[in-house]
Amino acid sequence: MTSRQGHGRAPSPPGDYHVHTTCSDGSGSVEECVARAVALGLPEIGIADHLSGVRHQDWDAAAIPFERLDDYVAEVRAVAARHDDIRVLLGVEADYVREHEAGFADVLSAYPIDYVVGGIHVLGGFDFDDPAKRGDPRWSDPDALFVAYYEAVRRAAEFGRFAFIAHLDYIGLWGHKPGPGVDAGIDAALDAMAASRTAIELNTDRVSDPAGVMYPSPDTLRRACARGIPLVLSSDAHAAEHVGRLWDEAIATARQAGYRETLRLSDRALVPLPGD
Ligand SMILES: [Zn+2]
Ligand SMILES: [Zn+2]
């Protein structure tokens, strides 16, 4: 520890800003997830349970119902008030649905939520990550889905309400690779994120997905870094023991893509990534 003295303040590990609890589809309570982050020495944690972007949708039964949003806010705030050893932020992961932008913005404005994570798991009503729909005819033209996906990311960034986009490149979860015709759409999505200062996350939970990779791809992460898009590290934990999972590997991956800083969400400051 004495070696840190005289070298300025050593970078602390980044906060984990994408954690699911029993308030939506996670298995750990808010308190258990926060306790895990404290044990790891994280300076901040953001609870970001799923919130529907639409009322009465049948494809997102795991999300917090709108009528229980008050309880969620109260639960996270109560745990935050008990902890002076870590900063606990209140977030939600919301599906971006273009047709419901206005109503969704109204809901967000009505609650004291610190930040919103933009997740895209559904395209035009097609929940492309549903294993039961892998035989759906829409998968016969993966590039069309890729194009629609990055178009949704671009619009989500232009919507301007998301602190960061969750698991970018998620459309590749079944192992499909985008053809050259998708490239302009990826650029447009990243350009929109840069213009709106919508951050990108490096998502360490996705190693458990069928494609077996973190999201986004190394190539997308490099392109994001080149555009100056801020980075957050996220576990997307659905269990308390997965908070901060694979942090060292994620930090190394971020550095390989060119990142030297990460976004601290509490004050939107860029802070050094550990490793120098
Ligand atoms: Zn998600
Ligand atoms: Zn998530």
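## Ground rules

Residues are numbered from 1 along each chain as its sequence is written, and chains are lettered from A and ligands numbered from 1 in the order in which they are written. Since the model is predicted, local features need pLDDT of at least 70, side-chain atom pairs count only at pLDDT 80 or more, and totals for chains, interfaces and linings use all residues, while side-chain values use heavy atoms, with hydrogens and water left out.

Let's start with helix H1 (residues 30-40) and helix H2 (residues 69-82), whose axes come within 10 Å and cross at roughly 40°. Axes here are lines fitted to C-alpha atoms, for helices over the stretch in contact, with angles from 0 to 180 degrees between N-to-C directions. Helices are DSSP runs (H or I, at least four residues), as are strands (E, at least two), numbered from the N terminus.

On the H1 side, Val 30, Glu 31 and Val 34 meet Glu 75, Val 76, Val 79 and Arg 82 of H2; contact means heavy atoms within 4.5 Å.

## Backbone sites to check

Tyr 215 and Pro 216 are joined by a cis peptide bond, with omega about 0°. Pro 216 sits in the loop between strand S6 (199-203) and helix H6 (218-226).

The loop between strand S7 (231-234) and helix H7 (247-256) holds Asp 236, whose phi is positive, near 50°. Asp 236 is buried, at 0% relative accessible area. Leu 246 is found in the loop between S7 and H7, with a positive phi near 60°. Leu 246 is partly exposed, at 33% (buried is under 20% relative accessible area, exposed over 50%, partly exposed in between; 1.4 Å probe, protein chains only).
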